[in-house]
Structure formats: C-alpha cells, structure tokens
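Thanks for coming, everyone. Please bring the sequence and the structure up on your screens.

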Amino acid sequence: MSQFGHVSALNLSGQSNLINFWNPQSTWICGSRQTNVLSFGGTDSVGYGLRIPNANAIRTRPKKGVCPLQVVCIDYPRPDLESTSNFLEAAYLSSFFRTAPRPDKQLKVVIAGAGLAGLSTAKYLADAGHKPLLLEARNLLGGKVAAWKDEDGDWYETGLHIFFGAYPNVQNLFGELGITDRLQWKEHSMIFAMPNKPGEFSRFDFAEVLPAPLNGIWAILKNNEMLTWPEKVKFAIGLLPAMIGGQPYVEAQDGLTVKDWMRKQGVPDRVTTEVFIAMSKALNFINPDELSMQCILIALNRFLQEKHGSKMAFLDGNPPERLCQPIVDHIQSLGGEVQLNARIQKIELNEDGTVKSFLLNNGNVISGDAYVFATPVDILKLLLPDDWKEVPYFKKLDKLVGVPVINVHIWFDRKLRNTYDHLLFSRSPLLSVYADMSVTCKEYYNPNQSMLELVFAPAEEWISRSDTEIIDATMKELAKLFPDEICADQSKAKILKYHVVKTPRSVYKTVPNCEPCRPLQRSPIEGFYLAGDYTKQKYLASMEGAVLSGKLCAQAVVQDYEFLAAQGQRKLVEASMV
C-alpha cells in the first residue's frame, strides 16, 4: 500500500460503483460520472483505491443536490513501531521468559481470570517452561474484552476496543503470536464531533513526514475549529512543567483532577470543555472533574513522544476468537491448561496464612505451587480471606473501585453516511466514543446496513436503568450526530435490533490519590500474586496495562522459582509424613 493517506469517506459528484469482494452483488451508486473503488477482504488492505494525501480539517453534511458521502472501508499500512524504545523495552521483557533457564521441575501456577491479564500471565509463564492452569468463571474468554454471538450470528462486545501504537506490550504480543495482520490500522487522526454544528466533525491530522512531538504539535496548530490560538498558547504554557519535569512530575499530579490542574496552570475552561471532557470519558469513562490528571498526562506523554503513539487500529473481528483464542492455543501448545466455567468460591488457607487451594463452585479443589488472581479488583476484594483484609497491601485496595460502563450496539436498516472509517469522539454528554463497526471491522463488514457501537459514559446514573431507556437516550444523541439520517422517533433510520452490555464494575476508577493504593504484582503472602490493569504498571487501566501486568506477574513468579520449588517439595514431604 502507498504510504499516503486514503480517504475513508468520499464525496463524489459523479457515479461511484463500490465493488465489494465479500458481496460482489453490492454496488453503491451516486450521480452520473463513474469511479470504481474496490473493497476487499485481504489482510493488508481494505478499500485500496483513491488516495488523497490531505483531507479537509472539517466535515460538513452534504447539501441538497450534491452526492452524499460514501463511507469506504480502508486500512493503512502497519506503522514502524519496532524501533521505538518502549517497543524494544517490551520485547526485552518478552525475551526474559524465552531465555530463562528451563526449570528442573515445572511450577504449576493456578491463575484465576482469563481476561488479558490472566491470559498474559499464563502465556509468559508457559514461555518460561512452567505449567499454568488458567481458570475462568464464565464460559467465554476475554474478561473486559469478552464478546457474545447472538441468534443471528452477529457479535456484540463488552467495550469498543482500540489498539494504539503506544501499546508496546500488546504489539509485541500480537507479533509473538503471529497475528499482527489482524489489526486494521486507520489514518493517523483524531476526529471529534462538533456539538454546536450538528452533523459536522473536526479533525486533528498527524503529519506522516514529521517526527514526534512535531507531528502532534502540528495536528493541534492546524486545527482551528475547536481551540483558538490564545487557548492553544495558554494550554502549551500550562503543559511546559510536564514536558520539563517528565515522569516524576506526571506522577506528582495524581492528587489533582483534570479540571483542577487545568485551572491551576491557567488553562482556559473552554479547553477542558472542548477537548478533555471527551478524552477523560474515552480514557476512564468519567468526566474531568473526577479523573486524576496523571491519567491524562500519561496518555499525552505517550501520544506526543512516540510518532505513531496515537495511531489507532481496530481488531479485525471479535476479541475472544481473534485475540484470546490464539493466546490459549499458544498456552496449550506448551503444556498449559485453560478451564472455562471454573468459578472460584473460596481461597482456602494453610495455618500459616498462605494459600492452600482454590475451592470452585462445582466442589473441585485446585492446588498448585503458586497462585495468581487476575480478576478485576472488585472480585478480588469479594473473595479476599478475612485473615488478609487488614494487611496494608490488601487494605489499600479499598480505594480502588471499578467504574460502571455501558456498551451499546445498534443495527440500522440502512447504511449511514455521516461517519468515518475510524474511532469518533462524540462529545455528547451521554456518549463517549463510537464507531460504525460495519465499516471499521472486517468481520462485521456490511455494505448495506450500519452497526454503531457506542460507549455510554459516564454510566453511574444509567447502569440500573432499562435497556429501552438507554436506547431511547442514545437515539436522541445520535439524532444530533446524524441530523439528516437519524431521528429519535425512528422516522428516518430504523433500528433493526440492539444489544446493551452493562458492566457495573469495569476498569478501576482513576480518581485522585489512587496511585499509592495500586499493589505490586508480588504480594506479601508467599506464593500469591496479582495481575490486572489496577496493579502497579505504567499504562494505567487499559489493555496495555493488563498485558504488561501479566508479564510483570509472570516475571515475579519466575524470579521466585527457587523458593516456590523448595516450598512445593517441603509440602510433599509433610504430606507424606501425615
């Protein structure tokens, strides 16, 4: 593919025939002059055709008598990530497991939770020559990236998952599994809806020819729809301490909310309103008057310091099959084991307070040489033994609480035009980000009907409401994003079906002063470890954080091998003497 950008929406004044190799019978027609655009199911490209290096900074709705926008599914080349210091650091950590001395005796490590943290822990323990046993309470893989297939064969997911260039451990994981071609990279842009101009969008386009951080600075300077020049200058001045102070400064801002930090730095409130409400909701599903500024600064640091850090990719299909199953296949190929429908009822202890076994709901008792809890923090707290609850390491977990979030999927009776082949920031008071998955994802591709996947956040006031109420509220917001195509009463586009997925406790709520409460992966209980995006690692609550936490957890187990092996031998001797 060319290194130039490819338009993901074409406004052509002539006739346009879109030939789709999934469904060769489908053609989108517009006007009188013919232009063919190919859309096909290959690995490297979808919609290879028209190339326009520079897109307009703002999208306007089609006028009467002008051909409507044509949304075309298009991928971009995989960016060069392998040369970044963060990618190399992640690759080095991966090599630690492959090159570790093969153990004289494999450790049996029992892991609770088959989300990305648990899968990562098991994968890297298997790489190091040990035997993980991964227990998942539900009948499906993925945890917070789980998905389900409905009676029509359509998938609906726990969340709208985006894979950033600044996810070095995730990118390494894809490479190690040989599935990098399953990421569909999009143009290097961030696209925001314009609430004061319904149906229009404003873009931040990152120039391919510029290195970081110049490409990010250029994207901000070039956009004049959202921020004025004085606001940009004041924001830049406000960010100077973070740029000069580096990571120590970033970590020191954990005690301030985004809103408080902006005001302290003299940044106009309109900057928070225009940009950081949307960013806060995308990062942690809460508003900037609650979110810790540390979270925003970590994201900005990654996006500005790495040329492709903010570049986004969609997975080419449902996460359980396209991402989680390859990890399971890898684990099993090395002698590990994965069990579904294995819900833990109790952590049973020895007299010395260490873990004796996991008791499952089905009555089975699972024991091992080491134990890992890779569940969300809220589940860990529910199952925490009474003897551990006053241990400072565990006591600090009280402040870490999962944030509620709702993921909405709506299938419409027609193809919506006012969208992009990309993630979109809605800037709605009720919605966070959304995407037309019938365009952005190969498995969900449909040339005739749109399926919007939307993150409904903040969701605390809505999590207990009915699906009907949530859909009604969503449609009112969509009417503002698609004024020519959607009405709340469905007098225009009609809903064919919908799915609402509620997660009462998702990623931990990154409010101020949470950082000191995040635990290291090695607990003070000998042989007991934690993994999860809430544990101590530098990528906070994210898929990258979950994968990295699993690697750090596996590393701690491997480093403790001599002790764990000796403990196992001692228990065998004691058991034989009984």
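I'll go from the overall picture to strands, then salt bridges, then one surface patch.

First, the ground rules. This is a predicted model: local features need pLDDT of at least 70, side-chain atom pairs count only at pLDDT 80 or more, and totals for chains, interfaces and linings use all residues. Residues are numbered from 1 along each chain as its sequence is written, and side-chain values use heavy atoms, with hydrogens and water left out.

Now the overall picture. The protein has 15 helices and 25 strands. Those are DSSP runs, numbered from the N terminus: helices are H or I with at least four residues, strands are E with at least two. Of the 578 residues, 59% are buried. Buried means under 20% relative accessible area, exposed means over 50%, and partly exposed is in between, with a 1.4 Å probe and protein chains only.

Next, contacts, meaning heavy atoms within 4.5 Å. Take those with a separation of 6 or more: 70% of them join residues 24 or more positions apart. As for surface, the protein exposes about 23400 Å², and carbon and sulfur atoms supply 53% of it. Accessible areas come from the Shrake-Rupley method with a 1.4 Å probe; for residues, only the protein chains shown count as cover.

On to the strands. Look at E7, residues 131-135. Four of its five residues are buried. E7 pairs with E6 in the parallel sense, over five bridges. Pairing here requires that DSSP finds at least two bridges between the strands. In that pair, Lys-108 has Lys-131 of E7 as its bridge partner. Between these strands sits a crossover: E6, helix H2 (residues 116-127) and E7 make a right-handed β-α-β unit. Right-handed means that, with the strands pointing away from the viewer, the path from the first strand over the helix to the second runs clockwise. E7 also runs parallel to E15, residues 337-339, with three bridges joining them. There, Leu-133 is partnered with Glu-337 of E15.

Now move to E20, residues 405-412. How many of its eight residues are buried? Eight of eight. Val-405, Asn-407, His-409 and Trp-411 point one way. Ile-406, Val-408, Ile-410 and Phe-412 point the other way. E20 runs antiparallel to E24, joined by eight bridges. Val-405 is partnered there with Thr-503. E20 also pairs with E23 (residues 451-456), again antiparallel, over six bridges. In E23, Leu-452 is the bridge partner of Ile-410.

Salt bridges next. The structure holds 29 of them. The criterion is a side-chain nitrogen of Lys or Arg within 4 Å of a carboxyl oxygen of Asp or Glu.

Pair one is Lys-105 with Asp-369, closest N and O atoms 3.1 Å apart. This pair links distant parts of the chain, 264 residues apart. Lys-105 is in the loop between helix H1 (85-98) and strand E6 (108-112). Asp-369 is in the loop between strand E18 (365-366) and strand E19 (370-373). Lys-105 is partly exposed at 32% relative accessibility, while Asp-369 is buried at 18%.

Pair two is Glu-290 with Lys-509, at 2.9 Å from N to O. Glu-290 lies in the loop between helix H7 (269-284) and helix H8 (293-305), and Lys-509 in the loop between strand E24 (495-503) and strand E25 (528-530), so the pair ties together parts 219 residues apart in sequence. Glu-290 is partly exposed, at 29%. Lys-509 is buried, at 17%.

Glu-477 is buried at 8%, and Lys-480 is partly exposed at 46%.

Then the network: salt bridges link Asp-150, Asp-152, Asp-154 and Lys-497.

Last stop, the surface. There is a nonpolar patch of about 880 Å², with Leu-214, Trp-229 and Met-243 among its residues. Patches are made of residues with over 30% relative accessible area and no salt bridge; like charges are joined within 9 Å, and nonpolar side chains (Val, Leu, Ile, Met, Phe, Trp, Tyr) within 5 Å. Which helix gives the largest share? H5, with six residues. Met-243 is in H5, and is exposed at 52%.

That's the tour. Over to you.
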